[in-house]
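The following exercises are to be worked with the sequence and the coordinates at hand. Each task is followed by a solution in steps.

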Protein chains: 2
Amino acid sequence: MKSYDKLNNSIEKSGSILCVGLDADIDKLPLGVERNLEGLLSFNREIISACAISASSFKINFAFYEQYGVNGFDVLLKTIEEIPKDKFIIADAKRGDIGNTSKAYAKSAFDFFNADSITVSPYMGSDSIIPFLEYKDKMVFILALTSNPGSADFQRLVSDGEPLYKHVIKKSISFGSTDSIGFVVGATHPEELEDIRQMIPENYLLIPGVGTQGGDIEAIIKANNNCPAIINVSRDVIYSSSGENYAEKASEKAEFYKKRFSNE
Amino acid sequence: MKSYDKLNNSIEKSGSILCVGLDADIDKLPLGVERNLEGLLSFNREIISACAISASSFKINFAFYEQYGVNGFDVLLKTIEEIPKDKFIIADAKRGDIGNTSKAYAKSAFDFFNADSITVSPYMGSDSIIPFLEYKDKMVFILALTSNPGSADFQRLVSDGEPLYKHVIKKSISFGSTDSIGFVVGATHPEELEDIRQMIPENYLLIPGVGTQGGDIEAIIKANNNCPAIINVSRDVIYSSSGENYAEKASEKAEFYKKRFSNE
């Protein structure tokens with residue numbers, strides 16, 4: 001099945017556009033979980049199981065596993081294997097390099113880790129993005145306007161009357177089909193999101209920045225105007241309790257966000 | 001010792017600004033080397049040993065190891081351990097994400113893999129770059145004008161009279177000291193390099209794109225105007241022979257580039 005169809009199906013089945021971000025952090029593991037990589041994997045397993053009913057997607061932030069070196073990658077792989085087969089998986093790796101190198105990154109995310117999609121940095125242009133799109137069944141989320149304060153530094157530089165992030169969107173949609181290309185737009189920019197949705201009403205957006213980063217949910221839901229999107233929450237769901245009831249609390253928080261995102 | 005001093009010392013001792021890129025590719029391994037990860041590590045060991053006398057630095061392109069999954073990372077680590085301690089090591093990973101995530105990437109490259117420096121993508125701005133610079137003894141090479149054709153797509157977009165890559169350079173030099181910040185400028189752009197050298201005569205440049213990518217060596221050496229730089233060659237050195245004499249041929253090729261780069 002194409003990843004695009006898998007994402008549509010998963011949203012329909014769960015009734016949720018929530019994506020849960022599995023940001024691994026041994027120092028934040030709750031009471032009763034061993035503070036080592038085995039504990040981390042066991043924690044991820046419980047969190048996935050607790051949140052699966054309220055989420056259509058899971059996002060794995062590669063950095064948080066890479067920080068633990070070779071064994072961290074092993075936990076990354078095993079974490080992905082714990083995710084139910086009908087849930088959409090995002091390799092949040094923000095990769096991008098010259099053609100033959102991006103091809104190797106795509107091989108890692110799609111063939112080895114078996115993710116449905118990957119986040120890609122557009123700075124190096126077309127030949128850094130296209131190798132990911134050569135996996136016709138997969139999806140690529142290209143960074144457009146990110147959620148962090150530094151997004152103002154370069155993404156908003158205006159050239160020919162338009163900011164860089166719009167140039168990125170306009171150029172990138174020519175690289176492949178609507179159902180293979182999505183963009184990352186931070187929840188911290190509702191005004192710009194409204195504008196982006198007019199430019200690309202059909203492409204999926206991955207919207208991070210809700211929760212710890214402080215994006216305004218109502219403003220984002222309104223600006224998104226029911227266009228295809230998934231909204232990611234990481235820390236605020238998975239570390240919602242530092243006690244032994246962490247899985248139950250994460251489950252409640254995921255259900256809370258599911259409802260908030262569907263205007264229930 | 002600070003990475004900056006290590007790089008200066010290594011260049012002085014070897015008399016070489018050549019950086020050898022260890023792009024792992026099992027399919028390109030020469031005759032007599034087993035086509036598996038053990039063979040790859042053994043090949044890297046021989047190449048490092050053969051090229052060390054003619055190179056000041058080694059660049060590890062993470063993608064080529066990541067494509068082999070968890071065990072590929074193990075080969076990456078073991079490859080770094082094979083590099084002589086006085087040689088400068090670049091983690092060519094092109095990472096960059098929001099603050100707490102870039103911090104995790106920095107931990108991976110610097111604490112786990114023990115690299116002296118990392119390549120970083122600037123798209124996400126200041127807070128995606130600064131966590132790497134918090135390792136005061138390390139160096140960060142920020143992508144400015146890359147060697148690939150796609151560099152024209154966004155890096156050359158003009159805003160306020162200057163292309164994006166110049167905005168990246170001007171903004172980024174404010175993030176840290178001259179001896180901790182370098183930039184990546186492709187050997188395929190000698191004219192722009194001349195201009196960049198006038199902007200930042202003191203920062204190190206990492207110059208890829210010589211060899212297979214076709215950068216003009218003489219034009220690049222002239223444009224660099226004896227400013228601090230290392231020039232990377234990957235495939236054209238390490239895969240210079242597909243026969244059993246591969247180490248000898250790589251050694252000769254490294255010596256050839258060392259001399260070309262020093263105008264001997």
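**Exercise 1: Polar and charged pairs across the interface**

Across the interface of chain B and chain A, 29 residue pairs are in polar contact, both residues being at pLDDT 80 or more. A polar contact is a pair of N or O atoms within 3.5 Å; within protein, one must be able to donate a hydrogen and the other to accept it, and residues adjacent in sequence count only if both atoms are side-chain atoms.

Two conventions apply throughout. This is a predicted model, in which local features need pLDDT of at least 70 and side-chain atom pairs count only at pLDDT 80 or more, while totals for chains, interfaces and linings use all residues. Residues are numbered from 1 along each chain as its sequence is written, chains are lettered from A and ligands numbered from 1 in the order in which they are written, and side-chain values use heavy atoms, with hydrogens and water left out.

*Task.* Determine which helix of chain B gives the most to the side that touches chain A, and how that side divides by class.

*Solution.* 
Step 1. Helix α5 (residues 99-112) of chain B gives the most to this side, with seven residues. Helices (H or I, at least four residues) and strands (E, at least two) are DSSP runs, numbered from the N terminus.
Step 2. The side of chain B that touches chain A has 24 nonpolar, 20 polar and 12 charged residues. In this scheme Ala, Val, Leu, Ile, Met, Phe, Trp, Tyr, Cys and Pro count as nonpolar, Asp, Glu, Lys and Arg as charged, and the others, Gly among them, as polar.
Step 3. Six salt bridges are counted between chain B and chain A, and 36 are found over all chains. The criterion is a side-chain nitrogen of Lys or Arg within 4 Å of a carboxyl oxygen of Asp or Glu.
Step 4. E66(A) and R95(B) form a salt bridge at 2.8 Å, N to O. D153(A) and K171(B) form a salt bridge whose closest N and O atoms are 3.5 Å apart. This pair crosses from helix α7 (residues 151-154) of chain A to helix α8 (residues 164-172) of chain B.

**Exercise 2: Extent of the interface**

*Task.* State how many residues each chain brings to the contact and what area is buried.

*Solution.* 
Step 1. Between them the two chains bury about 4,800 Å², 60% of it on carbon and sulfur atoms. Buried area is the accessible area (1.4 Å probe) that two parts lose on being put together, summed over both.
Step 2. In chain B, V70(B), Y123(B) and F154(B) lose the most area to chain A, together 19% of what that side buries.

**Exercise 3: The barrel of chain B**

*Task.* Give the strand order of the barrel in chain B and identify helices that pack on the sheet.

*Solution.* 
Step 1. Eight strands close into a barrel with parallel pairing, in the order β1-β2-β3-β4-β5-β8-β9-β10 (chain B). Two strands pair if DSSP finds at least two bridges between them.
Step 2. From one strand to the next, the twist averages 30°. Axes are lines fitted to C-alpha atoms, for helices over the stretch in contact, and angles run from 0 to 180 degrees between N-to-C directions.
Step 3. Strand β5 (residues 139-145) and strand β8 (residues 181-185) of chain B pair in the parallel sense over five bridges, with L145(B) opposite V185(B).
Step 4. Helix α9 (residues 190-199) of chain B touches β5, β8, β9 (205-207) and β10 (229-233) of chain B, its direction making about 170° with that of β9(B). Helix α12 (residues 246-261) of chain B touches β1 (18-21) and β10 of chain B, at about 145° to β1(B).

Methods: Contact means heavy atoms within 4.5 Å.
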